[in-house]
Every structure is written in structure tokens, then in C-alpha cells.
Amino acid sequence: MQLAATQRFGRIGGKGLKGALLLFFGLSTQVLGVGLNSYTDLIAKDAGPISPNGVRVMYLGTNGYQFEFQGHALLVDPYFSRVDLFSVALNSRLQPNMRRVAEGMRQLAPKADAILVTHGHFDHLLDVPIVMSRTHARLIASASAVELAKRAGASSGDAVTAGDVRRVGAWKIRVLPATHDRLFGKVPFDQPETPGSGPPQHPADWVCGEPLAFLIEVGDQRIYIDSGGTPAQLPLRERVDLAVLGMALPDSRARLPGALERLQPRYVLPSHQDNFFRPLDAGFQFGPLTDFSRVRHDCEQANRSRLILLDYFRPWTLAKK
């Protein structure tokens, strides 16, 4: 999460908070209006008939995705509420924006086999209990994320750790370890969770927990997805068809060349690049702490993967090679 004012809520003084906000907005002015219109050559689009054996990929914003294959749907980190920066910076009480959730869910398949969650921050988990109730999806996440979701109203959850494998519908899901990027030297909201406490109410209550990555296998294709991590457990030379790599902050950008070398993806999709404090209907805008020009340079230097971008709710089909 690129939350410049949210490292230690409740302990940060007024002057420090004001300085962090000024820094964030100073950075914001540098990228104001920078959207996908500058990179139309990279936006993936379907051309011609859609392959019935392809995996339909739809970007939901932040690190959210829907994958569809032959009538089966799988969700990752669905988040539509898009809480504004001031609410986060002031550690205000959070609750899902029901209107925005309803608008986002109109784009989704009516049912989903599962929801995968990479970690417990609010921009990954806040809306999950509602999405679960409406899609009848099974939650697959770390133990801490499952506990948070249950405290927020989820009926159940499948707690997994790195090395676990789950088969749900058409999907084989391998759970891999990951790390979360640091913001100014610290992982945001990384304080230990208080067992047995009530529902999470403030941004700082949605603790990071144990970050996970997932290798999704379906229809003889492999999709790797994280939110800013490293594929430490992938076997050597196990190439993937699509690598969805969280690249919001410098840590993940520094790991990018190594991740591309290890994954050798046919396609690489940089994720968590948008300014997730803006509502989805305002359109895609790169986040103020992202550096897409560097991402593009490193991907082109790797010279073995096709770099792509996706706009909100504009599906693209990953076809077999």
C-alpha cells in the first residue's frame, strides 16, 4: 500500500502527519492526469473470436482481478470502496461503500468458486465479506486475513500457508510465500493483531499479516499473482503464462528483474499501479509513488516477456500459446 501518511496511526504527531500529507500531495501533483492514454500500445485487447479455452482476465483496480475459464470464476483481492486518502491519513472509521461495491460487482460473474486474498490490508480485504455473500465464493487467505474477514462479517474462510495446494472448481491453486513492500523503511500496518478483538473499524486495524502469492493453474495455463512479493518457492525453469506482479513501491521494482528471470512469463502485467484513493469511475491514474517508466524499461530489458496493461473492467483473454 502506498500510504504515505499511515505508518503509525495513533502515534504520529500532528506535525508529522501534516508533513506526510504534504509529501503525498506533492507527489500527486507530479502525476496528476497521468493515465493509460499515454500507453495505448500496451493495453491488451481481444482481437477476433475469443478462444473457448482461454482465460478471461479482468482488472478490478488496485490488486483486484477476476479470472474466468469455461464458466468458472476466480477472484483475487476484490476492492471497490476506494477509501479516500484523508480518511486513511486520519485513521477514520472505515466501512465498505455499498454503492461502489454494487457498481463494481455488476461487472463480475454472478458466482465465483473462490476469492484469493494476498494480505490483510483494507485495500485488499475490506470488501471481501460482502463479495463473498453475493457470489457464494470460498475465501482462501492467510490465517490472520481469514480472522479479520470473519470479524468483519465473513461466514467462513480457508486459512492457508505457503506450500498448501487447493483445488476449487476448475482451478488448482498453489500457495507461495511473499513479502510486503516497505514504505519509508516500514511495512504499513504491520503491528501484531489483537486476538479476540471486535470488528476492524479503522485503517490500522486491517493489519498486513502474512503476505501470500498464488500460482493458479487452469486449462494448461499458469498465472502467478502477488501484491509486491517474490516467488521464492517456484521450481526452477517453471515458466508461467501470465505474471501479475504488484509494483507499487521501490522494493517490488527492485525485485522485478529477478522475478522475471525466475518466472519467465509470456506476459507480465504490473499491478497495484493505480491511485487507489480515487473512485473507479474517475478512471485509471497512476499512483504518485509508482514509476511505470522504470517498470517498462526493466521489462523491455528482460526481452523475453510481453508487457501489458489493463484498464478497469475491460476484459482480455489469455490464450494458449
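The side chains of Asp-298 and His-297 are joined by a polar contact of 3.3 Å (a pair of N or O atoms within 3.5 Å; within protein, one must be able to donate a hydrogen and the other to accept it, and residues adjacent in sequence count only if both atoms are side-chain atoms). The model is predicted, so to speak with care: local features need pLDDT of at least 70, side-chain atom pairs count only at pLDDT 80 or more, and totals for chains, interfaces and linings use all residues. Residues are numbered from 1 along each chain as its sequence is written, and side-chain values use heavy atoms, leaving out hydrogens and water.

Asp-298 sits in helix H8, residues 292-302 (helices, H or I, of at least four residues and strands, E, of at least two are DSSP runs, numbered from the N terminus). With a relative accessible area of 15%, Asp-298 is buried (buried is under 20% relative accessible area, exposed over 50%, partly exposed in between; 1.4 Å probe, protein chains only). Setting aside residues up to four places away in sequence, Asp-298 touches Arg-253, Leu-256, Pro-257 and Leu-260 (contact means heavy atoms within 4.5 Å).

After H8 comes Asn-303, with a positive phi near 60°.
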